[in-house]
Amino acid sequence: MTQFDMIIRGGTVVTASDTINCDVGIKDEKIIALGQTLQDDSARIIDAEGLLVMPGGVDSHVHIDQPSGPGVVMADDFDTGTLSAMCGGNTTVIPFALQDKGQTLREAVEIYHKQAEGKSWIDHSFHVIISDPTPSALGQELPALVEDGYTSFKVYMTYEGLHLNDREIIDLLESSKRHGAFIMVHAEGYDTLRYMIEKLEGEGRTEPVGHALSRPQVVEREATHRAISLAEFIDVPMLLVHVSGREPMEQIRWAQQRGLKIFAETCPQYLLLTKDDLMKDGMEGAKYICSPPPRDPDSQEACWEGLQQGVFKIFSSDHCPFLIEGTSGKLREGDKTKFSRVANGVPGIETRLPILFSEGVKKGRIDLNEFVALGSTNHAKLYGLYPQKGTIAVGSDADVVLWDADKKVTIRQDILHHNCDYTPYEGLEVTGWPLTVLSRGKVVMENGEVTGVCGHGRYLKRNKSPHAASQ
Ligand code: DUC
Ligand code: ZN
Ligand code: ZN
């Protein structure tokens, strides 16, 4: 019997805490040894000389095959979405299962399981979005789902038909505290937003930039503060998703400095895009419509500060892909589509890690270990997947990315594997790119060539978050 199936030889192993030169020994889907010169004549040797050897990325905020309004279809299903994730150096994704009003939470997750079945290239799990917090959803279904490994739930404070009011959020927080669920919040206030949309549309401002004008930072700041206050009121941890700017970031920092267990995430679009992108000619600006909207250079700087200072624990893509061409995507009413009816979201599952590496590590804003923490380890820790996922350690799944830190790539739509028809980062030059990816010990991408198979990915039941309330 061979000791190892595979040895990754001669690379620089980077985890969230250490950078060491060693080999990685893999057997039966797991990492079983880290050592100076591992020997096994019959093992496959992967030469990692000159490369970084890191845990595969964990993208804990992605939308795949999620219904998004009448006639609107997401561009990626589990096949293309997870393929694109894999080619961007990821080995785990956590998409959302959205509960429609009138649906049980269990019915919602079952729909997404069916959509993912046999179609995932890499491992996946699900967060559940609660839009109908009935007594049975909160009293019976939520605890049963937590027991079954669905341990995180997202709430919208924002959209017609999906948003929860304060009392409903309080009830959800209370239930999550009792059952150890971890709550994620989309913090943009429904009422402030409705007011702004009606006002702008009444003035005839229906073009794409109206999206940014309708959601100034105060809309996000107010809701962020309110969400934090409700978490404090019930005494329960909370994570604010896709934080876009200085004002909400400062609310989160304030809460953390007061000792509250408030966690937060930011995303590539808030480092690289601004409101000016939504002002591009004609309907071009619709490509950049996402919520919250991209803001300004000061907010970009604030998001970097948040990443550097630990205000943001995770960096996710919020991949939410809609076609720009045709009428099943962003522009469902063609060039006449009002900003409030443009499908909301940008693609970015494949470009997340290269952007963080190039703009972060290569430009000296974060170090290699912070890169691994923000792109992989902290996601696994927050959402109950660690140490199975998110690190290179004996006993962890052999989910590994071999990264060329010096490879220069110009991001272009035609090099990406998603099914969207554009990238918001067209023409961006990055340094650093994933070359080879292993998912549970299987080489699924080698020197940039896809070698995996659709259907290799498995569903992951998760533990309760170690940060969730009393368990
Ligand atoms: N919220 C998200 O998390 N993603 C896309 C759009 C939205 O509102
Ligand atoms: Zn959201
Ligand atoms: Zn999202």
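## The loop at Glu29

Glu29 sits in the loop between strand E4 (23–27) and strand E5 (30–35). Helices (H or I, at least four residues) and strands (E, at least two) are DSSP runs, numbered from the N terminus. Glu29 is not a glycine, yet its phi is positive, about 75°. Its relative accessibility is 29%, so Glu29 counts as partly exposed. The cut-offs are under 20% relative accessible area for buried, over 50% for exposed, and partly exposed in between (1.4 Å probe, protein chains only).

This is a predicted model: local features need pLDDT of at least 70, side-chain atom pairs count only at pLDDT 80 or more, and totals for chains, interfaces and linings use all residues. Residues are numbered from 1 along each chain as its sequence is written, chains are lettered from A and ligands numbered from 1 in the order in which they are written, and side-chain values use heavy atoms, with hydrogens and water left out.

## Zinc ion, ligand 3

His61 (NE2), His63 (NE2) and Asp318 (OD) coordinate the zinc ion (ligand 3) at 1.9 to 2.1 Å. Donors are N, O and S atoms within 2.8 Å of the metal (3.2 Å for Na, K and Ca); water is not among the atoms, so sites may look incomplete. The donor spacing in sequence is H-x1-H-x254-D. His61 and Asp318 link distant parts of the chain, 257 residues apart. His61 belongs to strand E8 (residues 57–62), and Asp318 to the loop between strand E16 (314–315) and H12.

His61 is buried, at 0% relative accessible area. Asp318 also counts as buried, at 7% relative accessibility. The backbone at Asp318 has a positive phi of about 50°, although Asp318 is not a glycine.

## Zinc ion, ligand 2

The zinc ion (ligand 2) lies 4.1 Å from the zinc ion (ligand 3). Its protein donors are Lys154 (NZ), His186 (ND1) and His242 (NE2), at 2.1 to 2.4 Å. In sequence they follow the spacing K-x31-H-x55-H. Lys154 is in strand E12 (residues 152–156) and His186 is in strand E13 (residues 182–186), so the pair ties together parts 32 residues apart in sequence. Lys154 and His186 are both buried.

## Helix H4 against helix H7

Helix H4 (residues 166–179) and helix H7 (residues 217–234) have axes that come within 10 Å and cross at roughly 45°. Axes are lines fitted to C-alpha atoms, for helices over the stretch in contact, and angles run from 0 to 180 degrees between N-to-C directions. H4 is therefore oblique to H7. Angles under 35 degrees count as roughly parallel, over 145 as roughly antiparallel, 65 to 115 as roughly perpendicular and the rest as oblique. The crossing is right-handed. Right-handed means that the near helix is turned clockwise from the far one by less than a right angle; anticlockwise is left-handed.

On the H4 side, the contact uses Asp166, Ile169, Ile170, Leu173, Glu174 and Lys177. H7 supplies Arg226, Leu230, Ala231, Phe233 and Ile234. Contact means heavy atoms within 4.5 Å. By class, the residues are seven nonpolar, no polar and four charged. Ala, Val, Leu, Ile, Met, Phe, Trp, Tyr, Cys and Pro count as nonpolar, Asp, Glu, Lys and Arg as charged, and the others, Gly among them, as polar.

## Helix H12 against helix H13

The axes of helix H12 (residues 352–361) and helix H13 (residues 368–382) come within 9 Å. They cross at roughly 150°, so H12 and H13 are roughly antiparallel. This crossing is right-handed.

Arg352, Leu353, Leu356, Phe357 and Val361 make the contact from H12. Their partners on H13 are Leu368, Phe371, Leu374, Gly375 and His379. These residues divide into seven nonpolar, two polar and one charged.

## Thr82 in helix H1

Thr82 is placed in helix H1 (residues 78–87). At 0% relative accessibility, Thr82 counts as buried. Leaving out residues up to four places away in sequence, Thr82 touches Ile64, Asp77, Val93, Lys119, Ser120, Trp121 and Ile122.

## Cis peptide bonds

The bond from Ser291 to Pro292 is cis, with omega near -10°. Pro292 is in the loop between helix H10 (275–278) and helix H11 (297–309). Tyr386 and Pro387 are also joined by a cis peptide bond, with omega about 5°. Pro387 lies in the loop between H13 and strand E17 (400–410).
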